[in-house]
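Work through the exercises below with the model open beside you, and try each task before reading its solution.

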Amino acid sequence: MSDNNLDLPLTADIAKPQLRTVDLNLLTVFDAVMQVQNITKAAQLLGMSQPAVSNAVARLKIMFNDELFVRYGRGIQPTARAFQLFGSIRQALQLVQNELPGTEFEPSDSERIFHLCVSSPLDNLLTSVIFNNIRNLAPNIQLLFKSCLNKDIEHQLRYQETEFVISYDEFRRPEFTCVPLFKDEMVLVASKKHPRLLAPLTEADVYNEQHAVVALDRFASFSALWYHNPQTQACISYQGMAMTSVLNVVSQTQLVAIAPRWLAEEFSESLHLNLFPLPLEENTRTCYLSWHEAAGRDKGHQWMAELLTSICGK
């Protein structure tokens, strides 16, 4: 075999991009811009000037041979390639950060942003409790809440666009961690003026009434569990966007609804509602705290997961 042939692998390796030629500081800029999707806010988060961040983004575009970010309204929107890179880069930065001396997560000093989804109707119970507890313990941490799950939620968790989900839905893929927080009792709710309902109820009594529900075509609809066939769906007369609107309709009609006991009790006096034990097999639901396993390597994420488990578990 000739010397020229022996040289080919070495030549091919040299042609590849070398890690030592990459400015790794650019990756921290990429991470910040991905989190806030705004150059000015990223500069504030990093303690850099806006022109310096813009310059870093321009260099990142060359490094990855992609636009990475395009203008969108007053901010910027990541490209598909940016989303593809985000999970791996964030994991790598977290692993390095965790090994550096003196880099323990200090919640009292942190200005970190956490994105949480507390799905409806649990947002009525938990959002203010979480917000107030975190504000007392770590006043500079910023919490950004949303209440609607959508079909992209697994993607959002995987790339840490959303870091935690609190919901009745369990993520069953092995890459997700789901911690049970508590179990909710479900009840049947009706107006106190309802002419027919008397305890104890049977399953036939429940489905002989006309129902108000959270719209079944909403992703992860709260009500869908009890209306999974044509027979049960036939009793639905009203589909609303949120459980609170469902209860309001029930209070003014002869419709009934299935709801968590704590929510029904919260509105029972003001809306003049009666609560009945639910005579169905599915009469409880477990609330879960969920996140993607990759995020669990980050000390700040670990702190938040422990705190959310403690706060919501109570």
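This is a predicted model: local features need pLDDT of at least 70, side-chain atom pairs count only at pLDDT 80 or more; totals for chains, interfaces and linings use all residues.

**Exercise 1.** Classify the aromatic pair formed by Tyr207 and Tyr227, and work out which parts of the chain the pair ties together.

*Solution.* For Tyr207 and Tyr227, the ring centres are 6.3 Å apart and the planes stand at 90°. Centres within 6.5 Å count as a pair and planes over 60 degrees apart count as edge-to-face, so Tyr207 and Tyr227 form an edge-to-face pair. Next, locate the two residues: Tyr207 belongs to helix H8 (residues 203–208), while Tyr227 sits in the loop between strand E7 (211–214) and helix H9 (230–233), so the pair ties together parts that are 20 residues apart in sequence.

**Exercise 2.** Classify the pair of Phe222 and Trp226, and decide whether Phe222 is buried or exposed and whether Trp226 is buried or exposed.

*Solution.* The centres of Phe222 and Trp226 are 5.4 Å apart with 55° between the planes, which makes the pair tilted. Buried means under 20% relative accessible area; Phe222 has 4% and is therefore buried, and Trp226, with 3%, is buried as well.

**Exercise 3.** Identify the buried residues of helix H10 (residues 243–251) and what covers them.

*Solution.* First list the buried residues of H10, which are Met243, Val246, Leu247, Val249, Val250 and Ser251. Then look at their cover, which includes strands E6 (176–191), E7, E8 (236–240), E9 (256–260) and E10 (273–277), together with helix H11 (261–271).

Conventions: Residues are numbered from 1 along each chain as its sequence is written. Side-chain values use heavy atoms; hydrogens and water are left out. Rings of Phe, Tyr and Trp (its six-membered ring) pair if their centres lie within 6.5 Å; planes under 30 degrees apart count as stacked, over 60 as edge-to-face and the rest as tilted. Helices (H or I, at least four residues) and strands (E, at least two) are DSSP runs, numbered from the N terminus. Buried means under 20% relative accessible area, exposed over 50%, partly exposed in between (1.4 Å probe, protein chains only). Contact means heavy atoms within 4.5 Å.
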